[in-house]
Amino acid sequence: VQLQASGGGLVQAGGSLRLSCAASGSIRSVNAMGWYRQAPGKQREFVARISTGGRTNYAASLEGRFTISRDSAKNTVYLQMNSLKFDDTAVYYCNAREAPTTWRREVDYWGQGTLVTVSS
């Protein structure tokens, strides 16, 4: 599975950005895609996830400002980020997950990351 993320950039506080992540390769076993982020000096943290069935999950602190969606025909997920804050500054990583099976744990794939910088 290959993931190509895009859409990061510099935005003023209060502004919006939309990130995109296109999946390719052996994606048949992928059952969810989502986003994580890593701010400078901090650990990577969960942002949002959407399953192939359309179920969404969000980090509690971000729900209401961030919206994840998908275009199944394009194998692409989007992260709409509104009312951005300085603390949202981070590298955002796209994630694709294969569900666990009887013989292995779940498998995660990662994109290269896209930088979001929010100026105060």
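Select Phe-46 to begin: at 24% relative accessibility it counts as partly exposed (buried is under 20% relative accessible area, exposed over 50%, partly exposed in between, with a 1.4 Å probe and protein chains only). This is a predicted model, where local features need pLDDT of at least 70, side-chain atom pairs count only at pLDDT 80 or more, and totals for chains, interfaces and linings use all residues. Residues are numbered from 1 along each chain as its sequence is written, and side-chain values use heavy atoms, leaving out hydrogens and water.

Ring pairs link Tyr-36, Phe-46 and Trp-110 into a cluster (ring centres of Phe, Tyr or Trp, the last by its six-membered ring, lie within 6.5 Å; planes under 30 degrees apart are stacked, over 60 edge-to-face, the rest tilted). Tyr-36 and Trp-110 form an edge-to-face pair, 5.0 Å centre to centre with 70° between the planes. Trp-110 is partly exposed, at 36%.

Show Arg-44 next. Its charged end sits over the ring of Trp-110, 4.6 Å from the centre (NZ of Lys or CZ of Arg within 6 Å of the ring centre and within 35 degrees of the ring normal). Arg-44 also lies over the face of Tyr-93, at 3.8 Å from the ring centre.

Move to Cys-21 and Cys-94. They form a disulfide with sulfur atoms 1.9 Å apart (the cut-off is within 2.5 Å). The S-S torsion is about -85°, so this disulfide is left-handed. Cys-21 is buried at 0%, and Cys-94 is buried at 0% too.
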